[in-house]
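Let's walk through this model together, one region at a time. Keep the sequence handy as you go.

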Amino acid sequence: MTMKNKENNRILSTLGVVGKQISLIVIALILATIFLAVSGYEPLAIVNGIFDGLTMDIAGTIRWATPLILAGLAICVTYKAEVFNLGVDGQLYMGAAAATAVAVNIPESMNHLAALVLIFLSAMLAGALFAMIPALMKVFLDTNEVVSTLLLNFIAVLFVEYLVTGPLRDPEAGTNLNASAILNENTWLPRISYFEPSSANIGFYIAVIFMIILTFIFFRTAFGHEIKVVGSNPVLAKYAGMKPKKTILQVMAMSGAIAGVVGAVEVTAVQHRLLAGFNPDFG
């Protein structure tokens with residue numbers, strides 16, 4: 001009976017969290033509608049846009065929801081530990097760069113699935129390593145991660161620009177386009193055939209899988225509990241035998257890896273090459 005009550009309480013708690021988020025979205029829409037009306041614009045412009053996206057352009061919604069979901073998850077991982085990663089943009093740029101560097105060197109004869117696994121693992125590793133720079137600075141030098149992660153974004157953007165104007169530049173791209181060579185088709189992430197020829201791709205399924213995995217980690221594992229405890233009270237966590245510094249490094253690495261996936265999806269499923277400035281501030 002006690003276990004049943006606990007399970008019921010857990011379900012009610014989850015429903016309460018979901019209801020709270022829905023309420024916040026509704027309130028935001030109401031405030032935005034009022035603001036538009038007062039400013040002289042079409043009051044229901046945002047509502048109509050959401051409705052059209054769900055009814056007339058589902059493919060476009062899936063295409064743009066994919067990187068936004070993954071970027072949101074990347075930020076959520078660190079936020080749970082009260083670490084603020086504002087460097088998702090830079091980390092996804094590094095993931096895209098690593099994915100491209102690997103993809104252009106993969107032979108056409110390589111198995112499609114094996115090629116994609118190699119590309120995505122490379123992107124995740126690059127994103128994680130780039131995220132470790134501000135993480136190590138925070139842990140050992142007590143640097144404010146908000147500043148360090150934000151400033152590292154500019155370094156990543158400039159690094160990608162260097163790559164597409166130098167080592168990875170496609171000589172056939174012309175003078176008006178800074179980009180890598182188009183990737184071999186065996187490195188392309190498949191698009192959802194039902195929505196062809198749109199750029200809606202199976203990266204959306206990858207985003208959903210990551211969401212399920214992180215939900216399980218946060219609510220069903222000791223590590224997820226540790227992340228929340230470190231975020232709420234690092235001093236208490238230390239006295240309880242936890243290692244807050246180690247947890248910070250772990251969540252930053254996880255966040256950077258997820259951000260790297262965003263870059264890999266954009267390169268392999270949407271652009272099929274690395275472009276300068278391809279990222280419209282997903283992070």
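Is S255 buried or exposed? S255 is buried, because its relative accessible area is 0% (buried means under 20%, exposed over 50%, and partly exposed in between, using a 1.4 Å probe and protein chains only). This serine sits in helix α10, and its side chain reaches the backbone oxygen of A74 at 2.6 Å. That is a polar contact, meaning a pair of N or O atoms within 3.5 Å; within protein, one must be able to donate a hydrogen and the other to accept it, and residues adjacent in sequence count only if both atoms are side-chain atoms.

A word on the ground rules: this is a predicted model, so local features need pLDDT of at least 70 and side-chain atom pairs count only at pLDDT 80 or more, while totals for chains, interfaces and linings use all residues. Residues are numbered from 1 along each chain as its sequence is written, and side-chain values use heavy atoms, with hydrogens and water left out. Helices here are DSSP runs (H or I, at least four residues), just as strands are (E, at least two), numbered from the N terminus.

Now take helix α5, residues 112–141. Its 30 residues should span 44 Å at 1.5 Å a residue, and the end C-alpha atoms are 43 Å apart, which agrees; the expected span is 1.5 Å times one less than the number of residues. At the start of α5, a side-chain oxygen of N111 comes to within 3.0 Å of the backbone nitrogen of L113. Further along, I133 marks a kink of about 30 degrees, shortly before the proline P134 (the bend at a residue is the angle between axes fitted to the seven residues ending there and the seven starting there). Just after the helix, D142 takes a positive phi of about 55 degrees.

Helix α4 (residues 88–103) passes the length check too: 16 residues should span 22 Å, and its end C-alpha atoms are 22 Å apart. Why is α4 described as largely enclosed by the rest of the structure? Because 14 of its 16 residues are buried.

Two other residues have a positive phi without being glycine. E82, in the loop between α3 and α4, has a phi of about 60 degrees and counts as partly exposed at 39% relative accessibility. D281, in the segment after α10, has a phi near 60 degrees and is exposed, with a relative accessible area of 61%.

Finally, the pockets. On a 1 Å grid over the protein atoms alone, a pocket is an open set of points where a 1.4 Å probe fits, with protein on both sides within 12 Å along at least five of seven lines; lining residues have an atom within 4 Å of a point. The largest pocket has a volume of about 660 Å³ (the space filled by probe spheres set on the points, which are joined across faces, edges and corners). V17, K80, T215, F218 and F219 lie nearest its centre, among 17 lining residues. Helix α7 gives the most to this lining, with 7 residues.

The second largest pocket has a volume of about 210 Å³. Its lining includes A81, K138 and Y239, and α9 gives the most, with 4 residues.
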